[in-house]
Amino acid sequence: MQQIASQNAPSANIVIPHFAFGSLAWLTATLFIALSPDAFTTHYFNPKLLAITHLLVLGWISMIIWGALYQLIPVILDAKLFSEQLAIFSFFTLAAGSILLCFSFWNFLLGGVLHLAATLIISAVIGFSFNIFKTAQTSRNKSIERDFILTSTLWLLFTVLSGFVFALNLKYAFLKPEHLRLLKIHAHTGLVGWFLQLIMGVASRLLPMFMVAHSLNKKKLQIAYYCINAGLLLSISSFFLNTIIDIIITAIILITGVFYFVSYLKEAYTKRVKKNFDTGMKQSVLSFVSLLLVCIISLLLLFYTHENHSPRLAIAYGSLIIIGFISSLILGQTFKTLPFIIWLKVYKKLIGKIKMPLPKELYSEKLLTIQLYLFFAGFFFLLLGIILSHHTVITLSGTLLFISALLYTINTFKIILHKPHIHEKTN
Amino acid sequence: MRKRTNEEQNIFELLKGVIDPELMINIIDLGLVYDIRHKPAEEKIEVEITLTSPGCPMGDVIIEDAKQLIENHFRNFKVEILLVWEPAWNKEMLSEAGKKALGSI
């Protein structure tokens, strides 16, 4: 009998803290958006926006992705996680590091606190990367999804190391190129190399599985993989060359990669057996609309370099990727993964002995639906507020996002704190 | 497919109580049960089951649930659930009720 994925699953106690911390970080970040609309109306290199962005990408997105990945590794790599202790170490260092980093950026403290935060984050990422590579070593799976995950981990390492150098440079200014060019490299290797590529690897496996779609053209994923990585390598060279042709070629290659990935998902969507989508899947599908908007805005940014409008477009571009695409995807996929993790933890030993609820019954569908609508309303107003440079609109957007995040957090903790309902099974 | 005995038909009906937790449809309507062999002489029941995807994280839950359910009804029998991948599952294996539940018809 072939080994099946759930037999390799790690202890739920490794995964749960990531979701708990991540949801609280999301809640805090939305509160910061509501309280500091000015962060979105000035140049993007400002302390508050740096704090909010890093809280989102490290405390919220990376935290949830790590937790989910520990659970999904058995599904994707067909292997058991190398070390649960290392996963715990990475959790605590990432949690402490992201809080400290947010604090130091908010107050623009560029000395000891920032360097301590960066050291903690680098330690967390090294621990995580080592864990993933050692796990992959024991796997015989050589799929394209595996390549996506491993390469994205390398880009994560590159991103945090470049971030650390960048943090040192803020204090000691030893690098010749200007800060903003360094920031663009750091941001793109993180957003595209780490997040987007990891999402491609995981989503290309999970979404067809949730949609029950078979016989898909994996060549599209291979093209996406090579385009994304070639584009990223070129983007680093364009950092040195800084010619418009180089930047345009980079953008075209990256967008081609995104196109092939979206085309793969569209094929899965067309061939899907499961036609009825639940709320979690609806939000996941809608998040890809943001990804297409990202491609459009990135092209606009290439040709529209008006000094007053370009930073606004850049903030809109970053918000579309971080909130519109990645956060939206996580908000939807949480309810496709976390209920199953908790359900297995609580009920696995009771299978066949009691009448069990379905994983879907561990959370409130009603709260999830309201969360979804509030999120999209809040995100729409955020983009509008950024484009119009209007504080009140951004405050409104932050308030809607905060309420949406509050509902998400309530639902997440409702799942995490679920206790078994014991009813004898009557056959 | 060979004709099922009465006992095998009973097991078939019984397995409608095993629900795929993700798709929320029973494994019979999903077409996951390929064969049921009731062997009274050996006091053994064998059930061949597949999954909609080899990576299905709920695989062992479905298998364990099916095993427990049959064991509860056939207490003197040894129940063996065999996970098979051939032929690979496809949507043609869904029953009409299964297709309807998934929104395919």
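The contact takes 27 residues from chain B and 24 residues from chain A, two residues being in contact if their C-beta atoms, placed from the backbone, lie within 7 Å. This is a predicted model, in which local features need pLDDT of at least 70, side-chain atom pairs count only at pLDDT 80 or more, and totals for chains, interfaces and linings use all residues. Residues are numbered from 1 along each chain as its sequence is written, and chains are lettered from A and ligands numbered from 1 in the order in which they are written.

**Exercise 1.** Determine which element gives the most to the side of chain B that touches chain A.

*Solution.* Helix H2 (59-73) and strand S5 (78-83) of chain B each supply at least two residues; helices (H or I, at least four residues) and strands (E, at least two) are DSSP runs, numbered from the N terminus. H2(B) gives the most, with 9 residues.

**Exercise 2.** Describe how S4(B) and S5(B) are paired and connected.

*Solution.* Strand S4 (residues 44-49) of chain B pairs with S5(B) in the parallel sense over 6 bridges, where pairing requires at least two DSSP bridges. B:Glu48 stands opposite B:Leu82 in S5(B). From S4(B) the chain crosses through H2(B) to S5(B), a right-handed β-α-β crossover: with the strands pointing away from the viewer, the path from the first strand over the helix to the second runs clockwise.

**Exercise 3.** Identify the contacts of A:Ile121.

*Solution.* Not counting residues up to four places away in sequence, A:Ile121 touches A:Leu58, A:Leu94, A:Gly97, A:Leu101 and A:Val160.
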